[in-house]
Amino acid sequence: MGELYADVIVDISQEKLDKPFQYRVPENLRGELETGMCVHIPFGNGNRLLKGYVVDLGSVCKFDPGRTKEIRGIVKNSADIEGRMIALAGWLRKNYGSTMIQALKTVLPARQRVKKLEHRTVRRLLGREETLSLLGECRRRKQTAKERLLQELLTQEEIPYGWVTGKLGVSAQTVRSLETAGAVRVESRESLRNPVKVAGGEELRPRLSQAQENIVRKVLEDYDAGRPGTCLLHGITGSGKTEVYLKIVEEMRARGRQAVVLIPEIALTYQTLLRFYHRFGDRVSVLNSTLSAGEKYDQCQRAKNGEIDVIIGPRSALFTPFPHIGVIIMDEEHEGSYKSESSPKYHARETALEVARIHGASVILGSATPSLEAYYRAQRGQYRLFTLGERLTGGQLPVVHTVDLRRELREGNRSIFSRKLQALLEDRIRKGEQSILFLNRRGYAGFVSCRACGQVMKCPHCDVSLAEHTNGLLVCHYCGYSQPRPGGCPACGSKYIGGFKAGTQQIEEKLKEMFPGVRTLRMDADTTRRKDSYAQILSAFAGGEADVLVGTQMIVKGHDFPRVTLVGVLAADLSLGAGDYRAGERTFQLLTQAVGRAGRGELPGEAVIQTYQPDHYAVARAAAQDYEGFYREEILYRDLMGYPPVSHMMAVQIFSREEQGGRRLAESLAEAAKGAFGGREAPGAGSAQALSLGEADTSSSGPAMQLMGPAPASIGRINDIFRFVFYVKCPEYGKLIRIKDFLEGQAEANQSSDETVQFDFDPMNTL
Ligand code: ADP
Ligand code: ZN
Ligand code: ZN
């Protein structure tokens, strides 16, 4: 038997990851030692015994074998924070596919010095009279710098430190001497740590309703009984979910536990933040993308040291090194941003369950439109389902009109605004009420449909929309099937067949033509390129600076506009035509959210959904605000086609500098997977293989897997990197992991240095 070597890191920090030390694994530890384990190692010249963590195992000695030291032993029961983070990284690597280093970098914060300068302030401690007398003294002693600072502090009690040392030209030493004298204090007013100085006194704390009380009680009962579980909280915006979260977090704190609250950044409003600050003061901390690496590191240190016990943030907040998490809350659980786009491509929901398992924590998922994954599991009893009914803040659900655009066309209206929408817009503009026009372009992949009958060109094998390519071919982004663009509609023969071209800018122009003098604001990727422009547009609209806000999906999240009484969805079909299996789900969510934007205030609201497919269940059920009905139809489709959550799906993505090489690698990997695991091929037009759906999977144990592709990715080349992809479907996740492991080995043996292979489990988007 050959030697076994282990890469060990002595110090847990991102910077040390790339410099692991190699040790020989002694005979007696082989078979027992795994990556992630904590071991005793002799270190340095004196061979001091230190603890280290195994990040990789292999048979190649990278140094002089004669001088490589041996691991002394495995540290038993090392359930410290570091050990748990490493174990979590190992779990990410196994379940999502990545290197151990990538996985570790995901869970460990980069160690950086915190640059506090921007956030420091100088605060006056003395009263006005005392300050004036000190000022006089400084004047007599010709201490001009002190004089300048005190003068300034008379008008303003607190001044940013950078301004004091910069604009006022006061040295740090001078500030320090005033501080020693007790006149001022330098405060690390990390606006991050305490974004608001919360004034004392009683805050408003509503009495929980029976339904809310019930949820809190059940979650805590289970937790206290030592069987923490996962529950799904299904309730529309305003139904009281956040109040439930606050109460449970409070109870966990009383038990000496910490809480992780995940909220997608785009949905995290200032009001929500304030509610957490009011309740938990400086025991709560927020992670967001505006923090520097140093500040993020600082938050982690504070969590480790027990200075905070609640963290709010996007998916990475899951990796906060708390000693003992009691609850993980995941609001807007259905949001796509919970899935990481870089390796390891983990989903925060599944990862939250793993973190909860490690800590023995409860998990609460909340959403108005739960993901199919969460609802499916709730239906099967894996999650406990709670439903919160009506809005607590008043405001009725809007009246929804579904407009059939095919009929508009038949009756001679070729405008992008239906007659109903035109009439309602005119009414609102006249009354001085606000409207939102929403173009759900998200995931729009250039599908082709018939304007006369609504027929969408779909892949015969995958039942997803085909995307039109510049060469005129319609292509399936799952299996690579392609066909020429038909001259007329295959269903009704109409020649009104084509793609959707309208963009937000065009809609804004048309609106101005139709209603001269109308004041509009536009929000899309173009107008929000600058960091603060998103907030600026929202506040301008909230402040009544426009009659109509035109925008993409970014306008339907979070923010409340009490004066909006009309929402128009210009073409519900846009997101329905995204060439992936989640198109229906995404459409239902977007439409439900969009409709919910109307009538949040005193005035009742109306919504208009324009569509070529009024009978499509995602459109019809959203119009009826009927989640259950939508779920029942959508899950049938997923089941029938073998898509998640009923089955599982793994995308194998091949990136290559060289087109032929990339294609060859993709093909050889797909072939190898079929050979080893008995894939049944879903045929594509480009493939010469015969349809073999009837064949049994005999060559490998477990349920059958099915392979689609390979095909060029939807964007076949980015920055001169060619991209290929194939998909493997299988009802058993574990088998997909085995296939991934197998393919990793194959890729290592076959790929050139110009090529990389990545994996994406239950992908949210097509590559
Ligand atoms: P969600 O998180 O589902 O959007 P919230 O918890 O934010 O709902 O509640 C919506 C509004 O109703 C908030 O202003 C909240 O303060 C208020 N609210 C929540 N629960 C109650 C209650 N039991 N009694 C009175 N008001 C409540
Ligand atoms: Zn047609
Ligand atoms: Zn297909």
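A residue counts as near a molecule or strand if one of its heavy atoms lies within 4 Å of it.

First, the ground rules. This is a predicted model, where local features need pLDDT of at least 70, side-chain atom pairs count only at pLDDT 80 or more, and totals for chains, interfaces and linings use all residues. Residues are numbered from 1 along each chain as its sequence is written, chains are lettered from A and ligands numbered from 1 in the order in which they are written, and side-chain values use heavy atoms, with hydrogens and water left out.

Now ligand 1. Its shell holds 16 residues, and the closest are Arg-207, Gln-212, Gly-238, Thr-242 and Arg-275. By class, the shell has four nonpolar, eight polar and four charged residues. In that scheme Ala, Val, Leu, Ile, Met, Phe, Trp, Tyr, Cys and Pro are nonpolar, Asp, Glu, Lys and Arg are charged, and the others, Gly among them, are polar.

Which helix gives the largest share of the shell around ligand 1? Helix H8, residues 241-254, with three residues. Helices (H or I, at least four residues) and strands (E, at least two) are DSSP runs, numbered from the N terminus.

Next, the polar atoms. A polar side-chain atom of Arg-275 sits 2.7 Å from an oxygen atom of ligand 1. For Gly-240, a polar backbone atom is 2.9 Å from a ligand 1 oxygen. For Glu-243, a backbone N or O atom is 3.0 Å from an oxygen of ligand 1. Ligand 1 taken alone exposes 550 Å², and the protein buries 73% of that. Those areas come from the Shrake-Rupley method with a 1.4 Å probe; for residues, only the protein chains shown count as cover.

On to the metals. Donors here are N, O and S atoms within 2.8 Å of the metal (3.2 Å for Na, K and Ca); water is not among the atoms, so sites may look incomplete.

Take the zinc ion that is ligand 2. Its donors are the SG atoms of Cys-450, Cys-453, Cys-489 and Cys-492, at 2.3 to 2.4 Å. The spacing reads C-x2-C-x35-C-x2-C along the chain. Distant parts of the chain are linked: Cys-450 is in strand E18, Cys-492 in the loop between E21 and strand E22 (497-498), 42 residues apart. Four donors count as tetrahedral if all angles lie between 85 and 135 degrees.

Cys-492 is partly exposed, at 40%. The cut-offs: buried is under 20% relative accessible area, exposed is over 50%, partly exposed is in between (1.4 Å probe, protein chains only).

Now the zinc ion that is ligand 3. Cys-459, Cys-462, Cys-476 and Cys-479 coordinate it through SG, at 2.3 to 2.4 Å. Why is the arrangement tetrahedral? Because the four donor atoms subtend angles of 106 to 113 degrees. Along the chain the donors follow C-x2-C-x13-C-x2-C. Here too a pair links distant parts of the chain, 17 residues apart: Cys-462 in the loop between strand E18 (449-450) and strand E19 (467-468), Cys-479 in the loop between strand E20 (473-475) and strand E21 (482-484). Both Cys-462 and Cys-479 are buried.

Stay there for Tyr-481, in the loop between E20 and E21. Tyr-481 counts as buried, at 13% relative accessibility. Its C-alpha is 6.9 Å from that of Cys-459, 22 residues apart along the chain.

Then Thr-520, in strand E23 (residues 520-523). Thr-520 is buried, at 15%. Its side chain makes a polar contact with the side chain of Glu-508, at 3.0 Å. Another, of 3.3 Å, joins the side chains of Thr-520 and Lys-512. A polar contact is a pair of N or O atoms within 3.5 Å; within protein, one must be able to donate a hydrogen and the other to accept it, and residues adjacent in sequence count only if both atoms are side-chain atoms.

Last, the backbone. Most residues other than glycine have a negative phi, and most peptide bonds are trans. Ser-343 to Pro-344 is cis, with omega near -5 degrees. Gly-709 to Pro-710 is also cis, with omega near 5 degrees, and Pro-710 is in strand E29 (residues 706-718). Lys-142 has a positive phi, near 55 degrees, and is exposed at 68%. Gln-625 has a positive phi near 50 degrees and is partly exposed at 27%.

Definitions and conventions:
Tetrahedral: all angles 85-135°; square planar, octahedral: opposite > 155°, others 65-115°.
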